[in-house]
Structure formats: structure tokens, C-alpha cells
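Trainee: I have a structure open and would like to go through its architecture. Can we take it piece by piece?

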Amino acid sequence: MADSAPRGRGGFGRGRGGRGGRGGRGRRGGDEKNEWVPVTKLGRLVKAGKIKSIEEIYLFSLPIKEYQIVDHFLPKLTDQVMKIMPVQKQTRAGQRTRFKAFVVIGDSDGHVGLGVKCSKEVATSIRGAIILAKLSIIPVRRGFWGSLLGEPHTVPCKVTGKCGSSVCRLIPAPRGTGIVGAPVPKKVLQLAGITDCYTSSKGSTRTLGNFVKATFAAIGNTYGFLTPDLWAETEFAKAPFQEFTDFLAQKQRK
């Protein structure tokens with residue numbers, strides 16, 4: 001001990017070296033941290049490749065609790081910050097200001113999501129809103145106006161969404177019309193993959209938060225409308241949790 005003490009300045013030099021070593025391990029741990037470790041049954045099935053598309057999740061109405069599931073199936077998502085507004089709460093010490101972010105996310109090909117998050121910092125609220133938008137992502141049903149030529153380009157029927165006093169109505173339009181509407185529904189419809197649409201709105205549309213929620217509700221109603229082409233008899237299949245019950249029963253490696 002006496003011989004080794006001067007060389008390491010009473011052992012402190014070795015201690016710093018040890019911390020440096022731990023730092024190195026920490027960096028390696030950071031690489032491992034980037035790898036997704038699912039914590040839900042649905043996440044385990046997705047990572048193992050048992051579920052092939054996000055449509056299978058929608059078919060059985062399975063709740064998505066991990067945003068990495070959406071990243072796995074929809075890697076080409078783009079996000080748009082619609083608004084950042086300060087909100088205040090009166091406290092004994094004065095006002096406490098936080099920032100509320102509205103973010104719309106979509107792949108311009110039939111999937112769109114809306115996230116709202118409030119936080120002390122702008123960057124944190126945007127980051128949280130993007131995650132919430134991924135968790136709330138919904139399929140968009142598209143249809144035709146007139147003939148059934150080419151790809152679906154507009155909404156299948158007239159649909160309405162409401163939030164607060166803001167009402168947004170989406171009306172099918174002929175091919176080549178474009179999106180006729182205010183900037184808020186226009187951006188949401190573009191991210192949803194709808195190219196031609198008329199819009200009609202009522203109420204206090206200057207309240208952007210409610211207006212974007214009303215538009216999102218209207219898009220969500222496209223699959224809530226049962227049209228004759230969906231009357232075909234359904235062939236029921238096993239739900240993923242039932243089909244892969246043996247896989248889920250295995251102990252997960254940590």
C-alpha cells in the first residue's frame with residue numbers, strides 16, 4: 001500500500017481514472033440505450049416481426065402505448081408545429097407561464113396524428129407533442145369524386161368534426177381542385193394525403209387549437225361512416241395477442 005500511494009497521489013489518481021473508465025462504459029451504455037426495448041405485449045410482437053403492418057393494429061383496435069411502434073411502421077413521418085401558445089396559472093407568487101404546443105404529424109399517404117403538450121420550455125413541449133401525435137395516429141379513408149379512375153384523392157363523403165365552437169366540414173371535390181380551405185385544415189389534409197377537398201367551417205376558427213382538433217376529428221370520422229362497399233361479410237381472424245400467445249408467454253430477455 002505504502003509503495004503504491006505516491007504513484008497514484010494517495011490513490012486519488014486511480015479514482016479519477018476509475019471514473020473515466022465508468023464514463024467509457026456510460027458511452028457504450030448510451031449506444032445500447034438507443035436500441036428500443038419494448039415494454040408492452042404489442043411492442044414485443046412488433047419488434048419480433050410478428051405484426052407486419054400498422055393496419056393489423058387498427059384492425060383489432062389495439063391501443064398503441066409506445067411511439068417506437070409507429071416509427072417502426074411509418075419511417076417517413078413529417079411533423080408540423082401548428083402553434084405554440086403561452087398559458088398562465090395564477091399562483092401566490094405571481095403567474096406561472098408554460099408553453100402549449102400543437103403538432104400535426106403525417107406521412108401524406110393515409111396516416112395523420114395530432115399531439116398537444118404543455119411544458120415549461122418550448123423545446124420540451126414540442127418534443128412531447130410529437131410523441132403524443134405518434135401515439136394518436138389514425139388511418140385516413142380516401143375516396144373518389146365521380147369516376148373511380150386512378151388513385152383515391154378526396155374524402156369519401158361529407159364529414160364533420162367539432163371541438164368547442166369550431167366546426168369543420170370536409171366535402172369531396174373533383175380531381176385537380178386542390179384543397180380549398182384555411183391554412184390550418186389545409187396543412188392537416190396535406191399531411192393526411194388528401195389532395196382535393198372543399199372545406200366549410202363555422203364558429204370561432206381563430207381559436208387555432210380547437211380548429212385543428214375539429215379538422216382532425218372530421219378526418220377520423222371518414223372511417224366511422226359505413227358505406228355499401230364495406231358491407232362485405234367479415235372473415236374473423238385471431239387477434240395478435242391470441243395468435244402469438246406462446247411467444248408472449250416466453251420470458252423476455254433483459
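Trainee: Fine. What kind of model is it?

Mentor: It is a predicted model.

Trainee: How many helices and strands does the protein have?

Mentor: The secondary structure comes to 10 helices and 8 strands.

Trainee: And what share of the residues counts as buried?

Mentor: Of the 254 residues, 34% count as buried.

Trainee: What about contacts along the sequence: how many join residues at least 24 apart?

Mentor: 58%, taken among contacts between residues at least 6 apart in sequence.

Trainee: On to the sheet. What is the strand order in the open sheet of 4 strands?

Mentor: The order is E1-E2-E3-E4, and the pairing is antiparallel. E1 and E4, the latter being residues 138-139, are the edge strands, each pairing on one side only.

Trainee: How many bridges are there between E1 and E2?

Mentor: E1 and E2 pair over 13 bridges, in the antiparallel sense. They form a hairpin, with 2 residues between the two strands.

Trainee: Which residue in E2 stands opposite glutamine 80?

Mentor: Valine 104 does. For aspartate 79, the bridge partner in E2 is isoleucine 105.

Trainee: Now H6. How does it lie on those strands?

Mentor: H6 lies across E1, E2 and E3, and runs at about 145° to E3.

Trainee: Which of its residues are buried?

Mentor: The buried residues of H6 are Ser125, Gly128, Ala129, Ile130, Ala133 and Lys134.

Trainee: And what do the buried residues of H6 pack against?

Mentor: They pack against strands E1 (78-91), E2 (94-106) and E3 (111-119), and also against helix H5 (67-73).

Trainee: How far does H6 reach from its first C-alpha to its last?

Mentor: H6 covers residues 122-135, which is 14 residues, and reaches 20 Å. That is close to the 20 Å expected at 1.5 Å a residue.

Trainee: Is the crossing of H7 and H8 left-handed or right-handed?

Mentor: The crossing is right-handed.

Trainee: Which residues meet there?

Mentor: On the H7 side, Val184, Pro185, Val188, Leu189 and Ala192; on the H8 side, Leu208, Phe211, Val212, Thr215 and Ile219. By class, the contact of H7 with H8 has 9 nonpolar residues, 1 polar and no charged ones.

Notes: Residues are numbered from 1 along each chain as its sequence is written. This is a predicted model: local features need pLDDT of at least 70, side-chain atom pairs count only at pLDDT 80 or more; totals for chains, interfaces and linings use all residues. Side-chain values use heavy atoms; hydrogens and water are left out. A crossing is left-handed if the near helix is turned anticlockwise from the far one by less than a right angle, and right-handed if clockwise. Contact means heavy atoms within 4.5 Å. Ala, Val, Leu, Ile, Met, Phe, Trp, Tyr, Cys and Pro count as nonpolar, Asp, Glu, Lys and Arg as charged, and the others, Gly among them, as polar. The expected span of a helix is 1.5 Å times one less than its number of residues. Buried means under 20% relative accessible area, exposed over 50%, partly exposed in between (1.4 Å probe, protein chains only). Two strands pair if DSSP finds at least two bridges between them. Axes are lines fitted to C-alpha atoms, for helices over the stretch in contact, and angles run from 0 to 180 degrees between N-to-C directions.
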